Amino acid sequence: MMRRTRRTTTSLTALAATGFLAGAACAQDINTTEPNGAAYDQTPAFEGQTRAPALEGDVALQQTVLAEGLEHPWGLTELPDGNWLVTERPGRMRMVAPDGTLSEPISGLPEVDARDQGGLHDVSVAEDFADTRRVWWTYAEPRGDGENATAVATGILSEDGSALEDVRRIWQQQPAWASTKHFGARIVHDGEGNIFVGLGERSDPEPRVYAQDPQSTLGKIVRIDAEDGSPAGAGIEGALPEIWSMGHRNIQGAAMGPDGQLWMNEHGPQGGDELNAIEAGLNYGWPEVTYGVDYSGAEMGVTEMEGTEQPVYYWDPSPAISGMAFYEGDMFADWQGDALIGGLRSGDIIRLNIEDGMVTGEARHATGIGRVREVEVASDGALMVITDEESGQLIRITPEG
């Protein structure tokens, strides 16, 4: 039995009383603000690359808070028995039962650098978790002298859910840097015994140029063997053997589409949040190619360059997109195959209809729910959301009634 400390389920009655039972889509008013890039005459590279038409058919939602008091939760994954693992950025991982019971912190995690955007990040489990109980996570690893970088570790969750055992760090981002920003770092399994890891470029002007350096893993997607971290990259000539793609800013969401296509999203500067369809060996442009502008309002670069890929979709202004999933379930029949993306600044769930690799419609749901850090689809078809707050929540979302 896992250790339990408190139950934090909030009733629907209480939620309604505090106004949390909102949730119809409101895409009709999301594209009315002038883009930051308009100051430099930025235009999309193709029709439908930004500001897609509003999706029809609003859905009234019920939001049930299962757990609260989570300190800046970041990663979320469901276990076969219906429990959920959730990470907290200061360096804790907990289990949340279906009834909302929140465990004590799971022991055995390595030290993290929890300053600013650092800390404990994504969490993922093996497809055969019921047999192996293997868990992976990403974190900001302290490297001494104020330097740090993203690392990937794996371990075995004890039968009672209280500890991670046989913990091993299997991969380190290089080089380390004295920065507290842009770590990434989402995990996606490829179904062949490897994992993709989406990484940030550490934000500052000095390290960000490494996103274009094939001998660095800053601003890259890597693919590594899930057991030992050995390289399984795209075989790019002159590049480190784990690199899958390059030219990324700060990857915040990642998911495998229903057709097996790998998708990752990343924060742009002031404007220019991107959704990318990831292919082996390609360059996605940052910091030379981007939409939006610098935080100072200055122009960042160009929006198109030979040898670099265009985002499938971009937002300007930025909703500060985050974790993502593709909907496959029974509760929201009209959403099958749609991408669901958390909005940190926008405080909602962004739903995109994608057809033939193109975004054909956008909607916003659960507006005002808070800073959505991650969205997952539960085995029963409900949406599970964590909010990145000092006292964050795990929220279950279902159709009203």
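**Figure 1. Asp 41, in the loop between α1 (12–17) and β2 (61–70).** Helices (H or I, at least four residues) and strands (E, at least two) are DSSP runs, numbered from the N terminus. This is a predicted model, where local features need pLDDT of at least 70, side-chain atom pairs count only at pLDDT 80 or more, and totals for chains, interfaces and linings use all residues. Residues are numbered from 1 along each chain as its sequence is written, and side-chain values use heavy atoms, with hydrogens and water left out. Asp 41 isn't a glycine, yet its phi is positive, near 60°. With a relative accessible area of 67%, Asp 41 is exposed (buried means under 20% relative accessible area, exposed over 50%, partly exposed in between; 1.4 Å probe, protein chains only).

**Figure 2. Asp 356, in the loop between β21 (348–355) and β22 (358–365).** Here's another positive phi in a residue other than glycine: for Asp 356 the value is near 55°. Asp 356 is exposed too, at a relative accessible area of 82%.

**Figure 3. Gln 117 and what it touches.** Gln 117 sits in the loop between β6 (101–102) and β7 (120–125), and a relative accessibility of 31% makes it partly exposed. Leaving aside residues up to four places away in sequence, Gln 117 touches Arg 89, Thr 180, Lys 181, His 182, Phe 183 and Asn 250 (contact means heavy atoms within 4.5 Å). Ala 140 is 23 residues from Gln 117 in sequence, with the two C-alpha atoms 8.8 Å apart in space.

**Figure 4. The cis peptide bond between Gly 184 and Ala 185.** Omega comes out at about 10° for this bond. Ala 185 belongs to strand β11, which covers residues 184–189.

**Figure 5. The cis peptide bond between Asp 316 and Pro 317.** This time omega is about 5°. Look for Pro 317 in the loop between β18 (313–315) and β19 (321–326).

Figure 6. Along its principal axes, the C-alpha trace spans about 55 × 50 × 35 Å. Of the 401 residues, 58% count as buried.
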